[in-house]
Amino acid sequence: AKDYAAADKPLTDEILEPMLDLFMVETGRGAKVPGIDPRYMNALFWSPRLFTSRIQFVQKGLRGAVETAVTAGRKGLGQDVDFRPASVMAAKDLAAFVGTGVGVLVYLKKAGILDPNLNRDIDEPTSPDFGKPIVGHTRYDFWGGEQQLARYTAQLVMEKRTAPGTGVQTDAPIMYTLSRLLRSKLGPVPGVGWTAAEGKTFIGDPASPERMAWEAFVPLFVAD
């Protein structure tokens, strides 16, 4: 926007609206599901707009990179076209996000800071530990929810899942992985209903009525 203003170019709604939409996505306020009252989505799922924003952030970044590359090619051919600020910004933000995360991981490895025994699955995309370094007694997750999408995508493609800590791989059919993704995004009440119906918690532990009541109603600081 500043570049447009400096060049005396008009800031039209066609330019500003995509930038505002990108701002909403990058701050965790993704698009609403068309035709469905947001109140129902909030009752069924935990923070649905935050989850959709994680998907849209990647989608907008990849699309922005393609659009920016095409525009650069057209300008190279002598065509009078302008870069779309929102597309350039989305591509830059995605590249910075991924590049920074990967750079930190590479540095920790090259510097010998990571204990191989504690970080055995850090490069395994089907593991919950993927991309999460453990330094000392602390696990760091700087991916802002994007790691989970990458992990579930890898599990869907490979039909495998890796147990955290042990590194043991087991078969994970597509419908099993999709059901776990759905369950992980449910709100508290639907989540309790799923646990009661299946008789197991999300991590596979037996679920008794006493334990479910304790986890549902007792404050976290007491439970801890």
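The model is predicted, so local features need pLDDT of at least 70 and side-chain atom pairs count only at pLDDT 80 or more, while totals for chains, interfaces and linings use all residues. Residues are numbered from 1 along each chain as its sequence is written, and side-chain values use heavy atoms, with hydrogens and water left out.

Helices and strands are numbered from the N terminus as DSSP runs (helices: H or I, at least four residues; strands: E, at least two). Contact requires heavy atoms within 4.5 Å.

Helix 2 spans residues 13–26. Glu-26 is placed in this helix. Glu-26 is partly exposed because its relative accessibility is 33%. Beyond residues up to four places away in sequence, Glu-26 touches Phe-57 and Asp-93. Its C-alpha atom is separated by 8.1 Å from that of Arg-54, a residue 28 places away along the chain.

Helix 4 covers residues 48–76 and contains Gln-56. Gln-56 has 15% relative accessibility, so it counts as buried. With neighbours within four places in sequence set aside, Gln-56 contacts Val-25, Gly-30 and Ala-31.

Aromatic pairs come next. A pair of aromatic rings is described by the distance of the centres and the angle of the planes. Rings of Phe, Tyr and Trp (its six-membered ring) pair when their centres lie within 6.5 Å; planes under 30 degrees apart are stacked, over 60 edge-to-face, and the rest tilted. Three aromatic pairs are counted by this rule. Phe-57 and Phe-97 form an edge-to-face pair, with 5.6 Å between centres and 90° between planes. Phe-57 lies in helix 4 and Phe-97 in helix 5, so this pair ties together parts that are 40 residues apart in sequence. Phe-57 is buried, at 10% relative accessible area. Phe-97 is partly exposed, at 24%. Phe-142 and Trp-143 form a tilted pair, 5.4 Å centre to centre with 50° between the planes. Here Phe-142 is partly exposed at 31% relative accessibility, whereas Trp-143 is buried at 11%. Ring pairs link Phe-57, Phe-97, Phe-142 and Trp-143 into a cluster.

Charges also sit over rings in the model (NZ of Lys or CZ of Arg within 6 Å of the ring centre and within 35 degrees of the ring normal). Arg-151 lies over the face of Tyr-152, 4.9 Å from the ring centre. The charged end of Arg-180 sits over the ring of Phe-202, at 4.2 Å from its centre.

Salt bridges (a side-chain nitrogen of Lys or Arg within 4 Å of a carboxyl oxygen of Asp or Glu) were then counted. The count is nine. Lys-60 and Asp-21 meet in a salt bridge with an N to O distance of 2.5 Å. This pair links distant parts of the chain: Lys-60 is in helix 4 and Asp-21 in helix 2, 39 residues apart. Asp-21 is partly exposed, with 34% relative accessibility.

Arg-139 and Asp-129 form a salt bridge at 2.9 Å, N to O. Arg-139 lies in strand 2 (residues 138–139) and Asp-129 in the loop between helix 5 and strand 1, so the bridge ties together parts that are 10 residues apart in sequence. Arg-139 is partly exposed at 43%, but Asp-129 is buried at 13%. Apart from residues up to four places away in sequence, Asp-129 touches Asp-121, Ile-122, Arg-139, Gln-147, Pro-164 and Gly-165.

Lys-160 bridges to Asp-171, with the closest N and O atoms 2.7 Å apart. Lys-160 is in strand 3 (residues 160–162) and Asp-171 in strand 4 (residues 169–171), 11 residues apart. Lys-160 is partly exposed at 30%, while Asp-171 is exposed at 56%. A network of salt bridges links Arg-63, Glu-67 and Arg-84.

The surface was examined last. Patches are made of residues with over 30% relative accessible area and no salt bridge; like charges are joined within 9 Å, and nonpolar side chains (Val, Leu, Ile, Met, Phe, Trp, Tyr) within 5 Å. Accessible areas come from the Shrake-Rupley method with a 1.4 Å probe, and for residues only the protein chains shown count as cover. Val-33, Ile-36 and Tyr-40 make a nonpolar surface patch of about 290 Å². Val-33 lies in the loop between helix 2 and helix 3 (38–44). Val-33 counts as partly exposed because its relative accessibility is 34%.

Terms used
Buried means under 20% relative accessible area, exposed over 50%, partly exposed in between (1.4 Å probe, protein chains only).
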